[in-house]
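Here is a short briefing on one protein chain. Look at the structure first, then read the points beside it.

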Amino acid sequence: MGNTKSGALSKELLEDLKLNTKYSEAELCAWYQSFLKECPSGRISKEQFEGIYASFFPDADPTAYARHVFRSFDTNSDGTLDFKEYIVALHLTSSGKTVQKLEWAFALYDVDGNGTISKNEIQEIVRSIFNMISCEDQKNLPEDENTPEKRADKIWEFFGKDDNDKIAEGEFIQGVMNNKEILRLIQFDEPQKVKDKLKEKKQ
């Protein structure tokens with residue numbers, strides 16, 4: 001991945017990130033210095049990533065969700081995120097194009113990485129999202145989606161699936177793009193809070 005441990009970003013990686021994200025050269029270089037300060041090895045471990053999420057949600061338990069988010073961005077499955085994976089993650093969750101975001105959402109829900117999503121996988125991710133919603137906020141949820149099971153059922157029904165069916169990536173992306181209600185149901189309701197804090201942490 002270029003000069004991950006040196007004080008400067010490699011030209012190749014810099015050009016790659018400028019091309020694939022909305023960030024400027026100055027922003028990327030500044031973030032890289034902060035990244036190295038916090039992660040001298042040039043990599044963030046799953047535990048460190050979970051720790052970042054935990055600091056955002058003192059009243060809830062984001063561990064399971066953070067673990068799934070980490071998995072979806074650890075593209076080479078080595079148990080760490082390098083600077084490129086980290087920046088791509090930031091970009092995708094904050095300002096990526098809709099299709100890119102939905103490709104990421106599919107990877108998030110495809111827990112076993114087999115290229116399709118099952119109802120059990122929907123339930124697993126939705127349960128991890130619920131762990132991040134405080135008990136107080138859960139009381140304000142609509143009656144038909146105030147438990148992980150109800151919300152997962154609602155998502156599954158939108159796709160018109162039987163319990164043992166699977167959803168492929170193209171079908172998932174098309175379904176969500178055609179229905180804003182599914183988009184609301186599949187994501188955590190406060191992503192901006194996380195994004196803003198991540199940005200503050202890296203400035």
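This is a predicted model: local features need pLDDT of at least 70, side-chain atom pairs count only at pLDDT 80 or more; totals for chains, interfaces and linings use all residues.

A residue counts as buried when its relative accessible area is under 20%, and as exposed when that area is over 50%.

**Helix H2**
- Helix H2 covers residues 25-38, which makes 14 residues.
- At 1.5 Å a residue, H2 should span 20 Å. Its end C-alpha atoms are 20 Å apart, so expectation and model agree.
- Which residues of H2 are buried? They are Leu28, Trp31, Tyr32, Ser34, Phe35 and Leu36.
- An α-helix has 3.6 residues a turn, so residues three or four places apart point the same way.

**Aromatic pairs**
- The whole structure has nine aromatic pairs.
- One of them joins Phe35 and Phe83, with ring centres 5.3 Å apart. The planes meet at 65 degrees, and an angle over 60 counts as edge-to-face, so this pair is edge-to-face.
- Phe35 sits in helix H2, while Phe83 belongs to helix H5 (residues 83-95). The pair therefore ties together parts that are 48 residues apart in sequence.

**The nonpolar core**
- The largest nonpolar core has 55 residues.
- Which members touch the most other members? Tyr109 and Phe172 do.
- Leaving out neighbours within four places in sequence, Tyr109 is in contact with Ile117, Glu121, Ile122, Ile125, Val126, Ile129, Leu185 and Ile186.

**Helix H7**
- H7 runs over residues 119-130.
- Its twelve residues should span 16 Å at 1.5 Å a residue. The end C-alpha atoms are 16 Å apart, which agrees.
- H7 is mostly covered, with nine of its twelve residues buried.
- The buried residues are Lys119, Glu121, Ile122, Gln123, Ile125, Val126, Ser128, Ile129 and Phe130.
- What covers them? The cover includes H4, helix H6 (98-109), strand E3 (116-118), H8, helix H9 (148-158) and helix H11 (180-186).

**Two loop residues**
- Met132 lies in the loop between helix H7 and helix H8 (135-138).
- The relative accessible area of Met132 is 3%, so Met132 is buried.
- Met132 and Phe56 are 76 residues apart along the chain, yet their C-alpha atoms are separated by 9.8 Å.
- Ser77 sits in the loop between helix H4 (63-73) and strand E2 (80-82).
- Phi of Ser77 is near 50 degrees, a positive value in a residue other than glycine.
- Ser77 has a relative accessible area of 64%, so Ser77 is exposed.

**Cysteines**
- How many disulfides does the structure hold? The count is zero.
- Cys29 is partly exposed, because its relative accessible area is 31%.
- Cys39 is buried, because its relative accessible area is 3%.

**What the record says**
- An unreviewed UniProt entry places the feature "domain: EF-hand" at residues 61-96 and 97-132.
- In the model, residues 97-132 are 67% helix and 8% strand. The end C-alpha atoms of this span lie 25 Å apart.

How values were computed
Residues are numbered from 1 along each chain as its sequence is written. Side-chain values use heavy atoms; hydrogens and water are left out. Helices (H or I, at least four residues) and strands (E, at least two) are DSSP runs, numbered from the N terminus. The expected span of a helix is 1.5 Å times one less than its number of residues. Buried means under 20% relative accessible area, exposed over 50%, partly exposed in between (1.4 Å probe, protein chains only). A nonpolar core is a set of buried Ala, Val, Leu, Ile, Met, Phe, Trp, Tyr and Cys residues joined through side-chain atoms within 4.5 Å. Contact means heavy atoms within 4.5 Å. Rings of Phe, Tyr and Trp (its six-membered ring) pair if their centres lie within 6.5 Å; planes under 30 degrees apart count as stacked, over 60 as edge-to-face and the rest as tilted. UniProt positions are given in the numbering used here, feature names are shortened, and annotations may be inferred rather than shown by experiment. A disulfide is a pair of cysteine sulfur atoms within 2.5 Å.
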